[in-house]
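Work through the exercises below with the sequence and the structure at hand. Try each task before you read its solution.

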Amino acid sequence: MTSSSIRDTVSRRAQALCEASIPATLTILACWHSSTTAPTVRVAGALLAMLALWQSAQIADGAVSRGQRKDAGSGRAWATLLVPLVLLAKGADAPAWAAPAAQAMALESALFLGAEGPRAPPMHRRVGVWAVGVGALAWGSSSGVGGGSTVAAALAAGCLGAAQHWLAAYAMSRFPRSFTVGEAAVGAQAVVLAAAHLAAGAAGGGSVAAATAAAEAACVALLALAQALAMATAGARAYTRRVVAFLVLSPAFAALALALTALASGASPAAWALHAALLLRAPAHLAVLGYWALLLAAAGALAARMRWLGAGAETGAAPPSKLQLHVRRKAYHLLATALFAPALLHAPLLLHLSFTAALAAFVLAECLRALRVPGCSAAIDAFLRRFTDHRDTARLVTSHFHLLLGCALPLWLGGPSRLAQLSGVLALGLADSAASLVGVRFGSHRWWFATSRAPKSIEGSAAFALSLFGACCAAGHVAGELCAWPWLALVCALMAALEALTEQNDNLVVPLAMYAAVHVLLLG
């Protein structure tokens with residue numbers, strides 16, 4: 001090996017180890033401070049943190065799955081730590097079974113979802129093992145405390161771990177170069193936990209909050225819809241078959257989502273419709289809806305005037321500069337902040353359900369684009385491609401999904417702190433935009449791990465930390481949550497370091513890491 005290659009290898013290992021040290025440290029602190037969590041769960045969390053650090057130090061340059069996104073590390077530390085960290089940080093707010101199940105899935109990912117690019121088994125085996133897992137969880141939830149529930153919990157943890165492993169492997173094989181190992185594993189763990197929570201709620205007689213059940217049911221049903229559409233249209237060349245499949249399956253899986261919501265929450269669809277009507281008639285919610293309409297109308301007019309929708313592409317205009325492209329992309333981050341932050345502070349339930357509806361709209365639009373339905377797929381693809389970067393060069397366009405989920409997941413996770421629920425909105429809408437624009441315009445001092453595709457600068461990271469600190473102080477004042485500023489500054493500095501270090505999609509990992517950090521460092 002030449003001195004240059006040795007230097008690059010050492011640099012990448014140091015970057016991976018520094019990145020993994022942030023969630024590992026937060027995990028150990030969460031285990032230390034969590035007095036309501038079982039001792040075995042706390043010990044297991046600390047061991048997972050050590051395992052993630054050891055793996056990050058061992059991974060050699062280029063040792064990543066063949067099906068994962070290009071120019072990014074495997075992200076196995078996030079597959080091992082992120083979801084268990086979030087549930088440990090929630091403490092007593094999370095179901096008792098959730099943290100052990102997440103740790104079982106994380107261990108499965110750490111040991112078996114490796115660099116060799118695992119293959120997913122046939123569909124009937126995946127569905128069968130998943131059914132056994134959620135069935136065992138439902139049995140344990142209905143049987144109470146005792147030997148039966150202990151056996152059920154152990155069986156459920158093992159089966160759910162295998163199910164998320166296969167789901168992640170299937171996503172990477174079905175959509176190569178769209179995800180890293182870490183991103184696929186985190187998504188699979190979240191979906192499997194949502195399905196398990198729905199099953200436990202149905203077995204417990206409708207013990208899940210209605211809004212939470214709706215979000216979880218939508219995630220499960222939309223994933224099943226995408227899989228059903230892929231199977232129904234495999235090899236179909238005639239667009240009529242694709243259109244018919246979409247028109248038939250979409251209402252069917254919408255009915256499935258409603259049924260799952262009703263079972264998990266104990267509320268009938270008729271009661272849901274009445275509740276939604278009353279919700280929309282509340283004065284605060286009507287004011288938020290009017291504010292959204294005015295803001296979106298103003299943003300649409302400004303975008304058309306500035307030709308951000310691509311009106312100049314057909315007239316032979318010069319392609320946008322790097323700064324113009326960053327302004328175009330980050331303008332939507334700022335728009336998300338203006339839309340979501342006031343709503344979360346004054347109408348959180350409305351925003352909770354609106355995020356669910358937006359996710360459904362995004363998935364349906366992506367299905368239309370992927371199915372190449374005439375009349376709309378080309379327009380959807382052309383619009384989305386104007387806001388993509390190097391992470392969206394594969395078949396799927398995922399940036400808008402990650403932005404939506406990064407803002408929605410902290411709210412869906414809930415908890416006592418409005419600041420924690422605002423983690424995604426503030427980190428992505430304000431801090432990430434400030435880091436990008438300042439880094440592109442004024443960044444002259446690069447981090448040692450910066451690349452041509454991710455030219456991270458010290459100036460951009462400083463802008464991220466300072467803007468996030470100011471936004472958190474303002475949001476905390478409005479929400480009536482006074483935080484110790486040294487600890488808040490530490491949270492902001494950690495998130496700035498994470499945004500600079502990570503090669504994963506920062507729209508996904510930074511909001512969840514900040515949600516956990518707020519609980520561990522500010523509320524713990």
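**Exercise 1. Helix 4**

Task: Find which residues of helix 4 are buried, and compare the reach of helix 4 with the expected value.

Solution. The model is predicted. Start with the cut-off: a residue is buried when its relative accessible area is under 20%. In helix 4, Ala98, Ala99, Ala101, Ala102 and Gln103 are among those that pass. Met105, Ala106, Glu108, Ser109 and Ala110 are buried as well.

Next, take the length. Helix 4 has 15 residues. The expected span is 1.5 Å times one less than the number of residues. For helix 4 that gives 21 Å, and the reach from first C-alpha to last is close to it, at 21 Å.

Now look at the end of the helix. Phe112 is found in helix 4, which covers residues 98-112. Phe112 has 46% relative accessibility, so it counts as partly exposed. Together with Leu107 and Leu111, Phe112 forms a nonpolar patch on the surface. The accessible area of the three together is about 290 Å².

**Exercise 2. Leu88**

Task: Decide whether Leu88 is buried or exposed, and list what Leu88 is in contact with.

Solution. Then read its relative accessible area, which is 2%. Buried means under 20%, so Leu88 is buried.

Next, set aside the neighbours within four places in sequence. The contacts of Leu88 are then Thr27, Ala30, Cys31, Ser34, Thr37, Val41, Gly45 and Gln103. Gln103 is one of the buried residues of helix 4.

Finally, take one partner. Leu88 and Cys31 are 57 residues apart in sequence. In space, their C-alpha atoms are 7.0 Å apart.

**Exercise 3. Helix 13 and its aromatic pairs**

Task: Describe helix 13, then find how many aromatic pairs there are and classify the pair of Phe340 and Phe355.

Solution. Helix 13 runs over residues 348-371 and has 24 residues. From first C-alpha to last, helix 13 reaches 35 Å, close to the expected 34 Å. Arg372 follows helix 13 and has a positive phi, near 55°.

Now count the pairs. There are two aromatic pairs. In one, the ring centres of Phe340 and Phe355 are 4.8 Å apart, and the planes meet at 70°. Planes over 60 degrees apart count as edge-to-face, so this pair is edge-to-face. Phe340 is in helix 12 (residues 322-346) and Phe355 is in helix 13, 15 residues apart. Both Phe340 and Phe355 are buried.

Phe362 and Phe401 also form an edge-to-face pair. Their centres are 6.0 Å apart, with 90° between the planes. Phe362 lies in helix 13 and Phe401 in helix 15, so the pair ties together parts that are 39 residues apart in sequence.

Phe362 has a relative accessible area of 28%, so it is partly exposed. Phe401 has 15%, so it counts as buried.

**Exercise 4. His402**

Task: Find where His402 is placed and what His402 is in contact with.

Solution. His402 sits in helix 15. At 8% relative accessibility, His402 counts as buried. Leave aside neighbours within four places in sequence, and His402 is in contact with Asn505, Asn507 and Leu508.

**Exercise 5. The whole protein**

Task: State how many helices and strands the protein has and what share of its residues is buried.

Solution. The protein has 20 helices and zero strands. Of its 524 residues, 50% are buried. The protein exposes about 23,000 Å², and carbon and sulfur atoms supply 69% of that area.

How values were computed
Residues numbered from 1 in each chain as written. Predicted model: local features only at pLDDT ≥ 70, side-chain atom pairs only at ≥ 80, totals over all residues. Heavy atoms only, no water. Helix = DSSP H or I, 4+ residues; strand = E, 2+ residues; numbered from the N terminus. Buried < 20%, exposed > 50% of the residue type's maximum accessible area, 1.4 Å probe, protein only. Areas by Shrake-Rupley, 256 points an atom, 1.4 Å probe, with all protein chains shown as cover. Contact = heavy atoms within 4.5 Å. Phe/Tyr/Trp six-rings, centres within 6.5 Å; stacked < 30°, edge-to-face > 60°. Patch = residues over 30% accessible without salt bridge, like charges linked within 9 Å, V, L, I, M, F, W, Y side chains within 5 Å. Salt bridge = Lys/Arg side-chain N within 4 Å of Asp/Glu carboxyl O.
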